[in-house]
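Reader: I'm new to this one and would like to learn how to read it. Could you walk me through it, piece by piece?

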Amino acid sequence: MRAHGRSSPILTAFAAAVIIGLPLVALVLPLPHDPLRPDPDSIGIAPNLSHWFGTDENGMDVFARTLEAAKLDLPIALAATGLSLLVGVPLGLFATSGRAGEALMRIVDAFAALPIIVIAVVSIQLMGGGATDVVLAIAIVAAPRFVRLSRAAAVSLRSSRYVEAAVAIGCSPVRVAFNHILRNAYGVVLVQATLTAASALGAIAALNFLGVGVRPPQPTWGAMISDGFSMLIRGEWWAAAFPTAAMLLVIASLNIVAGAIENRIERVERAR
Amino acid sequence: MALIEIKDLRKAFRTPQGQLVTAVDSVSLSVEAGECVGIIGESGSGKSTLGRLILRLHEADSGSIILDGEDVRALTRQQLRRRRRHWQIVFQEPFASLNPRLTIRQIVEEPLIVARTSGTRADRLRRVTETLEEVGLSADFLERRPANLSGGQQQRVGIARALVTDPTLVVLDEPTASLDLTIRASILRMLAALQVSRGLTYVFISHDIETVRHFCSRVAVMHRGRFVETGTTRQVLSDPQQPYTQALMLAAMPPIPYSPNPAGAVSDGDSQDRTKAGTL
């Protein structure tokens, strides 16, 4: 999952606006309908002027629920990414040598060998099923990637002259790790973080689709797609299509931002 | 008392193939304060390793290192970090030794920050500016990054970083080897001037006999991790006793006889130095 090619500034700005704007809109603007109140009189209505995205099989407004879901999906995805960054990066930076480092890397390898969704489902089954458990489950899956990435940077830069120079002037190991190693590797970490947030969204949806993770009545895109799935057979496409579109829009936006960061790094590197 | 007192220092590395290679073998050296001692030898002779052992950037296998009366090998890591401000190093590759993301100000300021010396930011900035001036860089360079500097300027930054905490000892690990000939002479002259004005002690590591000849008062010739010959520079280089030193002298570029040929002169600094070398 790497972004290629040049990114246009307008597209990047739009992508950033989507990521930041969507949950804000849901928070600030009044929704046209209550996203949590079922209405037996308006079940399975096709998109119209009152229900822009139609209603689902419980008679709840799909537009309101799609926006409402952003309030849950995006913070969970971002929190999970943040947590895996906070845990993974320091571990990777300091696990460059010694037995503890080796042991950690074997654990990371073991995690990498297992299918992501299996780990997530198992850990959620063990923990429960609230939003924090979903965050933890995704962080457990994503953190090893950051361990690997930052460890690779640390190992390659550890032998560089300027890191040796930093040791020679009396920098502490923590200062060397953050001021000298991470400072020269934060770009790749940032790209990975953006991509992790995108795949976290997919994971949240997958978990909901499988029936674990955040429970109703709060909508998530995954749960909405799962519910709307059964309506597809009747030709009622809107209940699944709109949350899918919203999720894809955000995932695409995150990828565009990742690509823009990568481009910027390349430009800076070439300017040297 | 000697500033550096090294006894029977030994260091072996293990190659990826598992072979044990002795980089430094039973080296003893004593350097008085204010002296400049040259360590000379071909690449792979262990001279750079020796420089790093003295500052404990590498851990020696055995032997003793006394700097300023302090047993360096007995210091804890934290004690060692505290002392580093007194014992500095300038590296061979100026660009590689500077963090490309940092500005010149940040690079030269960092030793002061980690040494927790002079209090305020303003004090530190003043020290940084003064030191940069001492190595011939104006305040215009403060906010620039290493990539925007020439090789010579980069090495001046490396020297400023080493000097900003007022060290007593500076290990110069081939500080001019990767610079143009023209810049080499001016950097060497500056280093020599700084040694006098600051009363520094230098350990000057080089493979270039001519440089060592007019830079160092004493010299040690290193071959396969051992000192094969030591003495005053004049003694060793004008009348080498050991076959290896003689071979090293022969392998070096013969001094160009002075010829009054203006077209042949590369530049002021360079040609002056050559002349001096010829008459020494």
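This is a predicted model: local features need pLDDT of at least 70, side-chain atom pairs count only at pLDDT 80 or more; totals for chains, interfaces and linings use all residues.

Reader: What holds strands of a sheet together?

Author: In general, strands of a sheet pair through backbone hydrogen bonds, and the pairing can be parallel or antiparallel.

Reader: Now the two chains. How many residues of chain B are in contact with chain A?

Author: On chain B 23 residues are in contact, and they meet 20 residues of chain A. Together the chains bury about 2100 Å², with 56% of it on carbon and sulfur atoms. B:Arg81, B:Arg101 and B:Glu110 supply 31% of the area that chain B buries against chain A, more than any other three residues.

Reader: How many salt bridges and polar contacts cross the interface?

Author: The rule finds three salt bridges between chain B and chain A, along with eleven residue pairs in polar contact. One of the salt bridges links B:Arg52 to A:Glu164, where the closest N and O atoms are 2.6 Å apart.

Reader: Which element gives the largest share of the side of chain B that touches chain A?

Author: That's H3(B), with five residues. By class, this side of chain B has twelve nonpolar, four polar and seven charged residues.

Reader: You mentioned A:Glu164. Is it buried or exposed?

Author: A:Glu164 is buried, and in H6(A) so are A:Tyr162, A:Val163, A:Ala165, A:Ala166 and A:Ala168. With six of its eight residues buried, helix H6 (residues 161–168) of chain A is largely enclosed by the rest of the structure.

Reader: What covers those buried residues?

Author: Both chains contribute. The cover includes helix H5 (131–158) and helix H7 (173–181) of chain A, plus helix H1 (47–54), strand S6 (87–90) and helix H5 (151–163) of chain B.

Reader: And what follows H6(A)?

Author: Look for A:Gly170, which has a positive phi, near 100°.

Note on methods: Residues are numbered from 1 along each chain as its sequence is written. Chains are lettered from A and ligands numbered from 1 in the order in which they are written. Side-chain values use heavy atoms; hydrogens and water are left out. Buried means under 20% relative accessible area, exposed over 50%, partly exposed in between (1.4 Å probe, protein chains only). Helices (H or I, at least four residues) and strands (E, at least two) are DSSP runs, numbered from the N terminus. Contact means heavy atoms within 4.5 Å. Buried area is the accessible area (1.4 Å probe) that two parts lose on being put together, summed over both. A salt bridge is a side-chain nitrogen of Lys or Arg within 4 Å of a carboxyl oxygen of Asp or Glu. A polar contact is a pair of N or O atoms within 3.5 Å; within protein, one must be able to donate a hydrogen and the other to accept it, and residues adjacent in sequence count only if both atoms are side-chain atoms. Ala, Val, Leu, Ile, Met, Phe, Trp, Tyr, Cys and Pro count as nonpolar, Asp, Glu, Lys and Arg as charged, and the others, Gly among them, as polar.
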